[in-house]
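Reader: I have a structure to go through with you. Where do we begin?
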Amino acid sequence: MGTGTSDPAVAPGATAAAVGTGGTKDRAQYGLCAGLALLGAYVLFDASRIGAVSSSNDPVGPKPMPILLGVLLLVVAAFYAVDIARGGHGEAEEGEDVDLSTSVDWRTIGMLIAAFAVNALLIEPLGWVISGALLFWGSAFALGNRHHIRGLAAGVALSLITFYAFAIGLGVNLPAGILQGIL
């Protein structure tokens with residue numbers, strides 16, 4: 001084709017790194033296929049040990065769902081292996097709305113971890129409403145909210161809504177803590 005720089009076998013816009021090197025397959029992708037297949041086999045094995053349970057409310061029982069998930073994991077692993085064998089590969093992340101040249105904001109991550117840790121420590125003694133409000137306020141603060149009163153009010157509203165949604169909607173009682181007789 002002469003001294004041109006384009007190769008007709010390479011799709012427009014593809015780089016040499018995306019095309020691959022000499023037809024070698026990425027073993028990591030096959031490792032993921034194997035992991036999916038092993039997980040599917042384990043789910044099927046574990047589902048086979050579920051006893052026959054049925055009631056008038058649930059005539060099917062709990063066994064079909066894990067069997068379906070196990071089979072689907074095996075099917076996905078097989079299709080993924082076939083795709084890799086045919087030359088399929090993942091595209092590099094181009095960062096649609098993320099600036100890939102910036103470093104990780106460890107301060108924000110640390111503040112989020114601290115908010116979750118405070119919630120884990122305070123949920124039993126103070127209850128979900130107070131610890132959840134602190135969790136929501138701390139997370140909003142870590143992510144850039146500097147309206148402290150509004151953030152705390154939103155945190156209290158969210159924690160009350162989730163408290164009653166779990167209690168009334170799902171029948172799951174979250175810890176009330178020091179607000180035991182009030183809520």
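Author: Begin with burial. A residue counts as buried under 20% relative accessible area, and as exposed over 50%. Keep in mind that this is a predicted model.

Reader: Is Ile84 buried or exposed?
Author: Ile84 has a relative accessible area of 2%, so Ile84 is buried. Ile84 belongs to helix α3.

Reader: How far is Ile84 from Asp26, in sequence and in space?
Author: In sequence, 58 residues separate Ile84 and Asp26. In space, their C-alpha atoms are 8.1 Å apart.

Reader: Now the whole chain. How many helices and strands are there?
Author: Six helices and zero strands. Read from the N terminus, the elements go α-α-α-α-α-α.

Reader: What share of the chain is buried?
Author: Of the 183 residues in the chain, 17% are buried.

Reader: What share of contacts joins residues at least 24 apart?
Author: Take contacts between residues at least 6 apart in sequence. Of these, 56% join residues at least 24 apart.

Reader: Next, helix packing. How do I read an angle between two helices?
Author: Angles over 145 degrees count as roughly antiparallel. Take α2, residues 27–48, and α3, residues 64–85. They pack at about 160 degrees, and their axes are 8 Å apart. Therefore α2 is roughly antiparallel to α3.

Reader: Is the crossing of α2 and α3 left-handed or right-handed?
Author: Left-handed.

Reader: Which residues make the contact?
Author: From α2, they include Leu32, Cys33, Leu36, Leu39, Gly40, Val43, Leu44 and Ala47. From α3, they include Pro66, Ile67, Gly70, Leu73, Ala77, Tyr80 and Ile84. The residues of this contact divide into 21 nonpolar, three polar and no charged.

Reader: Let me look at single residues there. What does Gly70 touch, apart from neighbours within four places in sequence?
Author: Gly70 is in contact with Gly40, Val43 and Leu44. Gly70 sits in helix α3. Gly70 is buried, since its relative accessible area is 0%. Gly70 and Ala47 are 23 residues apart in sequence, with 8.5 Å between their C-alpha atoms.

Reader: And what does Leu73 touch, not counting residues up to four places away in sequence?
Author: Leu36, Leu39, Gly40 and Val43. Leu73 is also in helix α3. Leu38 lies 35 residues from Leu73 in sequence, and the two are 8.9 Å apart in space, C-alpha to C-alpha.

Reader: On to α4 and α5. At what angle do their axes cross?
Author: Roughly 175 degrees, and the axes come within 8 Å. That makes α4 roughly antiparallel to α5.

Reader: Which residues meet there?
Author: On the α4 side, they include Thr108, Met111, Leu112, Phe116, Asn119 and Ile123. On the α5 side, they include Trp128, Ile130, Ser131, Gly132, Leu135 and Phe141. By class, the contact has 13 nonpolar, six polar and no charged residues.

Reader: Asn119 stands out to me. Is Asn119 buried or exposed?
Author: Asn119 is buried, because its relative accessible area is 11%. Its place is in helix α4, residues 106–126. Leave aside its neighbours within four places in sequence, and Asn119 is in contact with Trp128, Ser131, Gly132 and Leu135.

Reader: Last topic, salt bridges. How many does the structure hold?
Author: One. To qualify, a side-chain nitrogen of Lys or Arg must be within 4 Å of a carboxyl oxygen of Asp or Glu. Here Arg49 and Asp46 form the pair, at 2.9 Å from N to O.

Reader: What are the relative accessible areas of Arg49 and Asp46?
Author: Arg49 has 56%, so Arg49 is exposed. Asp46 has 30%, so Asp46 is partly exposed.

Definitions and conventions: Residues are numbered from 1 along each chain as its sequence is written. This is a predicted model: local features need pLDDT of at least 70, side-chain atom pairs count only at pLDDT 80 or more; totals for chains, interfaces and linings use all residues. Side-chain values use heavy atoms; hydrogens and water are left out. Axes are lines fitted to C-alpha atoms, for helices over the stretch in contact, and angles run from 0 to 180 degrees between N-to-C directions. Helices (H or I, at least four residues) and strands (E, at least two) are DSSP runs, numbered from the N terminus. Angles under 35 degrees count as roughly parallel, over 145 as roughly antiparallel, 65 to 115 as roughly perpendicular and the rest as oblique. A crossing is left-handed if the near helix is turned anticlockwise from the far one by less than a right angle, and right-handed if clockwise. Contact means heavy atoms within 4.5 Å. Ala, Val, Leu, Ile, Met, Phe, Trp, Tyr, Cys and Pro count as nonpolar, Asp, Glu, Lys and Arg as charged, and the others, Gly among them, as polar. Buried means under 20% relative accessible area, exposed over 50%, partly exposed in between (1.4 Å probe, protein chains only).
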